[in-house]
Structures are given as structure tokens and as C-alpha cells.
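Here are my notes for you, written as a colleague would jot them down. Keep the picture open while you read, and look up each residue as it comes.

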Amino acid sequence: MKVLVLGGDGFCGWPSAVHLSRAGHEVTIVDNLVRRRTDDELGVQSLTPIAPIAERLAAWEEATGLGIGYEDLDLAQDYDRLLAVLDGLRPDAVVHFAEQRSAPYSMEDSGHKRYTVDNNVNATHNVLTGLVEARLDAHLVHLGTTGVYGYETSPVDLPEGYLEVTYPDRCGGTVTREILYPTKPGSVYHLTKSMDQLLLQYYAENDNLRVTDLHQGIVWGTQTDDTRLDDRLVNRFDYDGDFGTVLNRFLMQAAIGYPLTVHGTGGQTRAFINIADSVRCVRLAVESADQVKGRVRIMNQLAETLRVEDLARLVAGMLDGSIDHVSNPRVEAAANELALRNSNLRALGFQPILVSEGLMQESIEIATRYADRCDRSKIRAESFWTRDRRAAAEEGQ
């Protein structure tokens, strides 16, 4: 199949693009490289050294004999160029990773909040209108987040995107219908993913677009079988307070002898998935397009749910590390329960990798190998959801 990977230079996009290529698909990446410029803005760099995009693509062709195309454009702003790419390539599938992906970054200040909404919502809407205008019957696979559900404090197994509700009508009868599960976004980033859901639903119903929305958990790990083929193919490893996902951040901290920073009580339960599983799930979604018709297909893309405190203790125990409980910058419950169903992906053959299966060692080895690239001043979170949260953190220092 011809597959267009939007945001294909990023943490999830790059390993997904090369995985799809190696699986036999004709892949073209669309990316304006904004994530690299964000490193410059924040004064931080990926722990792993990321080669220029041209070098990455050349290394992939040298390692596998497979070519990947590349288009440099801003999806949120360059609609005419996006339309030209869609019309020219006529892809069978479009995988959409091209959104600002950090909750802390989205909460830095009003400028970052506005940028996140402008970039994410416009990009998604431009892709949808582009597919309609180009008259493409391409399957759109959108990377969402489990965070759209909020973080439950009751023992409910969250369904895959939909909820059946019943309510009385004015004639004394009842009405039963299926609705999108009510969203409870915990940041402006999560809010944009909630907005995406409505955009996807509208265009699926109004224009018969075929859409899969992957509600993905927190991604941990760095490498996949494909990115290991050459050092120039290595994936990003973010450890900073804005973009470092919690488990990767813990692994890096322990590897360099830095106390593991647990926000608040550590009683927050989160959904997790290994990067190698993430790329496999994307491919399973792309290759099962024939199952998508009518409504948006929603898949909960996770392997397991774990408490942050339990993760910290596990990592600290592995590497004789220490734990530092710091003020929580987020507005959230001190502890929560969280369970999600993932039967749709399991029906496609998904067998998840669990944290207990030992793949953390590879991330520890990478963190140790590139420890000299770590800027310790960038590790702690500096983005606070409210003024009160910032004040509480400053009082605790």
C-alpha cells in the first residue's frame, strides 16, 4: 500500500515509518521538522543523537535497500501544498502523528497553549478536508491518547471510545444511543485530542471517510528492530521535564545516579505501551482498513496500566536508585484507578510487551551510553498547570 506518514520524523512517527517500509509498504514522510526546532527553543537535545532527516533516509536505504519519500510542509498552515501531496501521491492510508505531543509543553504559558490548539486542531482538520477535496478513499489512522478519557477514580473498565446511554424522551419512552465516551482532558494537549475526536466523527459521518483513532498510552522504550539496524536510524530519547515520558525519564535518572522525580504521591495510574508495540499496532491498524466503515473505529492502544510510584520503586530497585517526591505540577487527583479494554487490537493479533519482560535494560544501556549528552538542569518539570501549583512547588523547595 501507499502510506503517507504525517509527522514521520518524530518519536513515534519515525519508527512507525521505517516499520511500515520494512513491512513492504511504499512510505512517504511529511514533516516540517518542528520537533527539532523545539529542542533548540527549550535548550535541550535528545539523549540519543538524531541524524539530519536526509541522512536518516539515506541510512535506511543503505541498510535495507528500501526508499522512503519525504515532503517538508506544515500541515496546519500549508493546506494547498498538503492537498497537492495528497492528490499527487494518492495514498491508500494516511497515518497522522503530526501534532504537538507534550502535555507539559502545552501548559507552559498562553503562547504554548495557543500554539498547541492552532497546530493540532488545524492540522487534523486540514488533513480531513484535504482527503475530501482530493476525493481520496484513503484510510486515516490518527494517533490519539488514552488521556481523553481522564483518569478514573472508580473501578470502571473504560470501553474503546464509545458508551451506550439511555435517557427518557418527552413522550414517556426511552431513547438509547451510542455516544463518544465523555472526555475529561487534563491539559490543553489532551483537550486538542478531545477536539480531534469530534472532527473525526463528523467527517466519518458526513463524508464517509474511513478513520481509525488510536487512543495510545504513555510510550516507553527507545529502539525497535528497524531503528537498531544503524546508529544513524536511532530513535529519540527525551528525558526533559517537557517531553520525557515518565518511565523513560525514570530509567535515565537511575542510570546517571539522579533521584527519580515522582510527582505528588505517585498514586497516579497510567496506561503504558512499549515503542516496539506502538509501531506494530499502527501497522495492524493500517493493514486492517477493510474492517473500517461507517463510524470511526477506536482502539485503546496500551499494554498495561501501572501506578507511577510502583514504576519508580521497580526502577530504583533495579539500579539501586533513590526516589524524590516533588510537588505535582498538574491539577489531578492524588491517586486514581485506571483500567481500559483493548480487545479490538487483541482481535488483530496484538500480544503486548509488559514492563516486567526485561526490555527496560536496553533503555538503561542507551541512557548510560549517552549520559554525557544529559543536561541535568533540564530534568525537572518547570511547566505548572496553575499559579497555585507553581507557588506550592516554590514553597516546597
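1. Some ground rules before we start. This is a predicted model, so local features need pLDDT of at least 70 and side-chain atom pairs count only at pLDDT 80 or more, while totals for chains, interfaces and linings use all residues. Residues are numbered from 1 along each chain as its sequence is written, and side-chain values use heavy atoms, with hydrogens and water left out.

2. Start with the largest nonpolar core, which has 40 residues. A nonpolar core here is a set of buried Ala, Val, Leu, Ile, Met, Phe, Trp, Tyr and Cys residues joined through side-chain atoms within 4.5 Å; buried means under 20% relative accessible area, exposed over 50%, and partly exposed in between (1.4 Å probe, protein chains only). The residues with the most contacts inside this core are Leu-6, Leu-75, Leu-86, Val-94, Val-127, Leu-131 and Leu-140. Strand E1 (2-6) and helices H4 (79-89), H6 (110-133) and H7 (188-207) each supply at least two of its residues. Those labels are DSSP runs numbered from the N terminus: helices are H or I with at least four residues, strands are E with at least two. There is also a second, separate core of 35 residues, and Ala-59, Ala-93, Phe-97 and Leu-143 are among them.

3. Which residues does Leu-131 touch, leaving aside its neighbours within four places in sequence? Its contacts (heavy atoms within 4.5 Å) are Leu-86, Val-94, Leu-136, Ala-138, Leu-140 and Leu-209.

4. Now find strand E12 (residues 269-274). Six of its six residues are buried, so the strand is largely enclosed by the rest of the structure. Thr-269, Ala-271 and Ile-273 point one way, Arg-270, Phe-272 and Asn-274 the other, and all are buried. Strands count as paired if DSSP finds at least two bridges between them. E12 runs parallel to strand E10 (residues 218-220), with three bridges joining them, and Phe-272 is the bridge partner of Ile-218. With strand E14 (residues 304-307), E12 pairs in the antiparallel sense over four bridges; here Thr-269 is partnered by Arg-307.

5. For a hairpin, look at strands E7 (residues 162-168) and E8 (residues 174-180). They run antiparallel and are joined by seven bridges, with Thr-166 opposite Thr-176. Five residues sit between the two strands, and Gly-172 in the turn has a positive phi of about 95°.

6. Next, the open space. On a 1 Å grid over the protein atoms alone, a cavity is a set of points where a 1.4 Å probe fits but cannot get out, a pocket is an open set with protein on both sides within 12 Å along at least five of seven lines, and lining residues have an atom within 4 Å of a point. The largest pocket holds about 310 Å³ of space. Of its 17 lining residues, Gly-150, Tyr-151, Lys-184, Glu-332 and Ala-333 lie nearest the centre.

7. The structure also has three cavities of 30 Å³ or more. How big is the second largest cavity? Its volume is about 40 Å³, and its lining is Lys-2, Val-3, Leu-4, Glu-26, Thr-28, Leu-89 and Pro-91. E1 gives the largest share of that lining, three residues.

8. Thr-28 also deserves a look of its own. The residue sits in strand E2 and is buried, with a relative accessible area of 13%. Leaving aside neighbours within four places in sequence, its contacts are Val-3, Leu-4, Val-5, Gly-69, Tyr-70, Glu-71 and Leu-89.

9. Finally, compare two loop residues. Leu-33, between E2 and helix H2 (34-42), has a positive phi of about 65° although it is not a glycine. Asn-208, between H7 and strand E9 (210-216), also has a positive phi, near 60°, and is likewise a residue other than glycine. Are they buried or exposed? Leu-33 counts as buried at 18% relative accessibility, whereas Asn-208 is exposed, with a relative accessible area of 61%.

Technical notes:
Points joined across faces, edges and corners; volume = space filled by probe spheres on them.
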